[in-house]
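Hello,

Here is the structure I promised to pass on. Please have a look at it first, and then read my notes below.

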Number of protein chains: 2
Amino acid sequence: MTAPRAASQAEDTTGSAITPEPPAAARPAQERGRRRRAALLAAAVGLLEQGGFTAVTHRAVARRAGLPLAATTYYFTSRDQLVAEAFALLIADELDGMRARAETLTGRPTPEDLATALSLAMGPRAGPAGEADRLRRLGLWELYLQAGRDPALQALARDWTDGCDTVVAETLRRTGYPCGRPAARTVGVLLAGLWMEHLVEGRPGAALEARTLLAQTLRALRALPGT
Amino acid sequence: MTAPRAASQAEDTTGSAITPEPPAAARPAQERGRRRRAALLAAAVGLLEQGGFTAVTHRAVARRAGLPLAATTYYFTSRDQLVAEAFALLIADELDGMRARAETLTGRPTPEDLATALSLAMGPRAGPAGEADRLRRLGLWELYLQAGRDPALQALARDWTDGCDTVVAETLRRTGYPCGRPAARTVGVLLAGLWMEHLVEGRPGAALEARTLLAQTLRALRALPGT
DNA sequence: GCTAAAGTGGTACGCATGTACCGGTCCGTT
DNA sequence: AACGGACCGGTACATGCGTACCACTTTAGC
């Protein structure tokens with residue numbers, strides 16, 4: 001968060017003459033260390049969900065993980081690294097969940113049924129768990145957008161997009177909607193856009209609208225040859 | 001940015017016995033004051049574009065506007081208010097630009113031509129001005145997402161969505177694509193999603209893909225009756 | 001058991017932030 | 001001309017931040 005980010009791997013200015021391979025324990029050697037690192041990462045993800053990008057501070061992460069402040073700088077070389085790893089974890093979790101929900105859909109559904117199922121798979125769940133989902137997704141999109149300013153996150157942003165598109169494409173193929181990548185992309189972008197809008201604006205009819213527009217689009221794409 | 005946000009309108013604890021109507025000059029009485037307020041707002045918008053949400057600090061705004069720090073707290077009761085007004089201004093500017101570009105499109109274009117024109121109207125411009133556009137849009141989306149956590153911004157977020165959809169709907173109608181709101185929504189969401197993706201991920205073929213997918217969708221929607 | 005590395009936790013520093021305060025100046029009104 | 005509110009600008013304060021540091025304890029490898 002502080003200004004100078006480049007030239008961080010500068011000269012070793014500590015007392016010891018030889019550089020003992022920066023102790024940054026990216027992969028801790030001991031079991032307890034690995035657990036601690038995971039706890040910090042989990043705490044970072046949680047904070048990301050609850051309070052967004054700016055909520056992930058060293059102190060907040062340490063407090064949430066029940067660890068001393070210094071643990072955060074010991075296991076992660078910088079806040080940026082911590083955030084980036086949390087982002088990657090969030091993406092992986094979210095894609096796993098989406099994939100799992102999408103795979104329950106089988107058979108040869110009508111466009112309407114497919115639209116409903118896809119909406120359920122890609123959107124936040126209903127009920128009390130929905131608010132947690134909503135915040136998680138909000139955090140994810142926040143980080144996604146951050147990738148537009150921070151090249152270090154760009155690759156992760158692409159993973160997210162590709163992952164979503166792949167889930168959509170596979171679902172379409174499996175349920176008898178053999179379509180090219182373009183059509184799958186259209187459906188994926190539509191789904192993501194509609195759900196993001198819902199996340200932010202919280203309009204009452206959003207879920208229904210998503211199903212309707214999606215069904216319409218699926219029907220239209222199917223009617224058009226060679227997509 | 002500091003913790004307690006509620007109960008901010010608490011008791012008047014200043015020396016004077018009577019509350020002289022909080023001096024918060026929301027609409028300055030004097031010309032110079034109005035100019036200063038506008039300058040601060042413009043500076044906030046600029047910072048929003050360049051550095052995103054977190055870059056809009058009292059000090060940065062004041063410095064950019066060439067005014068003393070205290071001016072920011074004089075004309076705006078809080079940072080939140082400053083940010084909200086900047087957001088509103090950004091939305092209005094962006095919608096004006098989009099509308100102006102969209103209105104140059106006339107006649108009865110093919111789906112491909114329409115897709116190209118809409119992409120040009122709604123997406124960032126090319127050339128050296130494109131990077132500024134890119135950052136501006138990034139800032140806008142950042143704030144848009146923030147509206148998911150801050151109810152005070154939600155109405156503005158809806159204005160943005162509605163504005164985009166309206167531009168799309170009017171453009172479609174004017175160019176001989178009489179369609180219902182659902183179809184316009186589909187096109188609008190698709191456009192917004194694709195451009196946002198481009199903003200963040202910066203993939204080479206994104207502009208071409210946007211045109212292709214949009215043309216395909218327009219064609220498909222036109223082929224389907226009653227949309 | 002000994003030694004070096006890994007891990008630990010308390011503390012400190014420098015900086016930027018949001019916001020409050022206050023003595024002063026400008027200006028429209030009477 | 002004078003009065004009162006709008007406006008001005010400098011400064012101060014408390015807080016939270018990222019990161020560095022360092023003496024200490026635990027663990028792994030010989």
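Predicted model: local features only at pLDDT ≥ 70, side-chain atom pairs only at ≥ 80, totals over all residues.

Residues are numbered from 1 along each chain as its sequence is written, and chains are lettered from A and ligands numbered from 1 in the order in which they are written.

Chain A holds nine helices and zero strands (DSSP runs, H or I of at least four residues for helices and E of at least two for strands, numbered from the N terminus). Of its 227 residues, 39% are buried, meaning that 20 or more other C-beta atoms, placed from the backbone, lie within 10 Å of the residue's own. Among chain A contacts (C-beta atoms, placed from the backbone, within 7 Å) between residues at least 6 apart in sequence, 61% link residues at least 24 apart.

Between the chains, 37 residues of chain A are in contact with 37 of chain B. On the chain A side, two or more residues come from each of α6 (128-146), α7 (151-174), α8 (181-201) and α9 (206-223). The most come from α8(A), with 12 residues.

Beyond its neighbours within four places in sequence, B:Leu191 contacts B:Leu118, B:Met122, B:Val168 and B:Leu214.

Best wishes

Note on methods. Contact = placed C-beta atoms within 7 Å. Buried ≥ 20, exposed ≤ 12 C-beta atoms within 10 Å, placed from the backbone.
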